[in-house]
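Subject: Structure for you to look at

Hello,

Here is the structure I said I would pass on. My notes on it follow below.

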Amino acid sequence: MQPVIGDYADVPEFVYGITREIWEDRGIGGKLDKYYAPNCLVRAATGLAADNRDVTAQTLATLHQFPDRQLVGEDVIWVDNGDGSFLSSHRLTSVMRHDGDGIYGRATGRVVKSRIIADCVFRDQKVTEEWLVRDQAAFARCMGVEPCQMARDICDRDLRTRGEITFYTPQRDLPGSYLPPQHDDPELEAYRRGWARIWDVKEPAAIRDLYFHGAAVAIPGGETVFGHAELDRFVIGYLSSFPDARFAFEGSIVNHQPGRPTRVATRWALTGTHCGFGHFGEPSGAVVYVMGLSHAEIVDGRVRYEWIVTDEVSIWKQIHAHLESRAGG
C-alpha cells in the first residue's frame with residue numbers, strides 16, 4: 001500500500017500535485033520553500049543549482065518567458081528507499097507559449113512542447129536532490145531553430161553575461177548524500193543487461209532481443225521511432241558520434257502493479273570524445289558528457305514503449321565550448 005503524503009493519497013498524486021502547486025497555481029517561491037530543502041542540489045543538463053534560491057530564480061525566469069506553462073504529468077515511477085526517504089521519477093510534457101523576452105531571445109508567440117524526466121529524492125516531503133533532463137532539441141525545433149544553432153546562441157549569451165559557457169558535467173558537481181538502491185529484480189536486470197550490450201558494448205544486435213518488434217520509442221527531438229530498424233539508426237547515430245564512449249548506469253528502479261506493464265526508470269550517462277561523424281555532425285574532439293533519463297514499459301520480457309530523454313542543446317554547448325577554447329588558444 002502506498003503511503004498518504006500530506007494532502008495527497010499516494011506518491012504519484014503528491015508529485016503531480018506539488019508540480020501543479022509550484023507552476024500552474026503560481027506558488028513558486030512559497031511552495032519551493034515548502035517542498036525543496038534549502039540546500040537542495042538540482043542537477044540539470046543545463047547546469048547545477050545548489051540551493052532553493054537558485055531554483056526559485058530559474059522558475060521565475062521560465063515563467064516570465066512562458067507565462068502559460070503547463071506541465072502535463074504522464075507517469076511517476078517511484079521507490080521507498082527504506083530510510084524515511086523515497087525516489088520518484090516523474091515523466092511529463094511541458095506545453096507553453098513563448099510570450100516573454102529572455103535567454104531564448106525576443107518573444108515569438110510560438111507554442112513549445114518538450115518532454116522532461118525529473119528524478120527527485122524526497123525526505124520529510126522535501127526534495128533534497130534532483131536530476132532533471134529536458135528535451136531541448138524538441139524545444140528548439142518548436143522555436144524554429146535547430147538545436148546546434150540554439151546552443152550557439154545560448155553560448156554567445158553565456159559569454160556576454162557570465163564570461164563562461166555553462167552546462168553540467170560531473171566535474172562541476174557538488175557531493176550529495178543519496179545512494180541509489182540495489183534491486184534484485186529479474187526483469188530490471190534483464191533490461192539493464194540489454195541496455196549495457198547496446199550502449200556500452202556497442203552491440204545494436206541486442207535491440208532485437210530486448211525490444212518488441214513493434215516497439216515505440218520516444219527519442220530526443222520530439223520524435224518517436226518504431227521498430228528495430230528505426231531504433232537501430234538512432235542508436236548508431238549517437239554511438240558513431242562518440243565511438244569511445246563509456247556507458248554507466250547511475251540508478252534504476254522498477255514498479256510492478258496489477259493491470260499495468262512492468263515500468264522501469266533509469267538514470268544513465270554516456271561519456272566520450274566527439275571524434276566520429278554521426279548524429280552530432282563533424283567531429284570536434286570535444287569530450288562530452290550526456291546525462292540521460294529513461295522510462296520503459298515491459299510486457300513478457302520485451303520493451304513495448306520507451307521514452308529516452310537527453311538534452312541535445314546542452315550536448316551541442318559542450319561541443320561549442322570546446323571549439324571556442326581551441327580558437328581562443
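The largest cavity has a lining of 13 residues, and those nearest its centre are Leu-87, Asp-119, Gly-251, Ser-252 and Arg-267. Two elements, β9 (246–255) and β10 (262–273), each give two or more residues to that lining. The largest contribution is from β9, with four residues. Sorted by class, the lining of the largest cavity has seven nonpolar, three polar and three charged residues. The space in this cavity comes to about 80 Å³. Please keep in mind that the model is predicted.

In total, the structure holds two cavities of 30 Å³ or more. At least two of the lining residues come from β11 (287–299), and at least two from α9 (312–328). By class, six are nonpolar, two polar and one charged.

I also looked at one residue, Thr-93, which sits in strand β4 (residues 85–97). Is Thr-93 buried or exposed? Its relative accessibility is 16%, so Thr-93 counts as buried, the cut-off for buried being under 20%. The side chain of Thr-93 makes a polar contact, at 2.5 Å, with the side chain of Glu-74. Beyond its neighbours within four places in sequence, Thr-93 is in contact with Gln-70, Leu-71, Val-72, Glu-74, Ser-114 and Arg-115.

Regards

How values were computed
Residues numbered from 1 in each chain as written. Predicted model: local features only at pLDDT ≥ 70, side-chain atom pairs only at ≥ 80, totals over all residues. Heavy atoms only, no water. Buried < 20%, exposed > 50% of the residue type's maximum accessible area, 1.4 Å probe, protein only. Polar contact = N/O pair within 3.5 Å; in protein donor to acceptor, adjacent residues only side chain to side chain. Contact = heavy atoms within 4.5 Å. 1 Å grid on protein atoms, 1.4 Å probe; cavity = no way out; pocket = protein on both sides within 12 Å on 5 of 7 lines; lining within 4 Å. Points joined across faces, edges and corners; volume = space filled by probe spheres on them. Nonpolar A, V, L, I, M, F, W, Y, C, P; charged D, E, K, R; others polar.
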